[in-house]
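Trainee: Could we go through this structure together, one question at a time?

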Amino acid sequence: MALFEKLGDTILNVGKDVSQKVKDVSGITKLRIDIRAKEDFINKQYMELGKACYERRQSETEEEEAIFERIDEAVSEIHKMELQILELKGTKKCPSCGAEVSDLAEYCSVCGEKISVVVSDSPYEETPSEEAEEQETT
Ligand SMILES: [Zn+2]
C-alpha cells in the first residue's frame, strides 16, 4: 500500500501547489513545442532523403516508383500552373534561360534567345501535343 499512499500524496501536493502546476503545464507545453519542432526537423530530413532518392532515380520497390510518378505528375502540374501565372501576368518564360520576359517580346532580354512561341505544354508531359512541338521547331 506504500505506493498507493505515495501516489495519493503526490496528487494532493500537485493540487495544493497551483503555481507548481502552472509551471508544469507551461513546461509540458514547451516540451511539446520542442517535440513538434524536432518532428518537423525529422520530416524535413525524410524529405531530403526522399528527394535525394528521387533525383538519383533509383527505386527499390514499386511503391517508390509510384511515388516518383506522383512527384512527376505534381511537378508537371506545378509547371502548368506557373505557365498560367505567367500568362495571366502577360509574361512568358524564356525556353533557353528561364527568365521572365514580356509576352510581346520576340527575344529574351537576358540571354537574347529568340522567343516566338509561348510554351504552353509542360516538358514533363508524357503526351505532348504535336502542334506545340511543330511550333517549337519552326
Ligand atoms: Zn533567355
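The questions below turn to the metal site and then to the salt bridges.

Mentor: This is a predicted model, in which local features need pLDDT of at least 70 and side-chain atom pairs count only at pLDDT 80 or more, while totals for chains, interfaces and linings use all residues. Residues are numbered from 1 along each chain as its sequence is written, and side-chain values use heavy atoms, with hydrogens and water left out.

Trainee: Which arrangement do the donor atoms around the zinc ion make?

Mentor: Donors are N, O and S atoms within 2.8 Å of the metal (3.2 Å for Na, K and Ca), and sites may look incomplete because water is not among the atoms. Here the SG atoms of Cys94, Cys97, Cys108 and Cys111 lie 2.3 Å from the zinc ion. Four donors count as tetrahedral if all angles lie between 85 and 135 degrees. The 4 donor atoms subtend angles of 107 to 114°, so the arrangement is tetrahedral.

Trainee: Is Cys94 buried or exposed?

Mentor: Buried means under 20% relative accessible area and exposed over 50%, with partly exposed in between (1.4 Å probe, protein chains only). Cys97, another zinc donor, is partly exposed at 39%. Cys94 has a relative accessible area of 3%, and is therefore buried.

Trainee: Which residue meets Lys89 in a salt bridge?

Mentor: A salt bridge is a side-chain nitrogen of Lys or Arg within 4 Å of a carboxyl oxygen of Asp or Glu. At 3.2 Å, N to O, the partner of Lys89 is Glu100. Because Lys89 lies in helix 3 and its partner in strand 2 (residues 100-102), the pair ties together parts 11 residues apart in sequence; helices (H or I, at least four residues) and strands (E, at least two) are DSSP runs, numbered from the N terminus.

Definitions and conventions
Four donors count as tetrahedral if all angles lie between 85 and 135 degrees; four count as square planar and six as octahedral if opposite donors are over 155 degrees apart and all others between 65 and 115; anything else is irregular.
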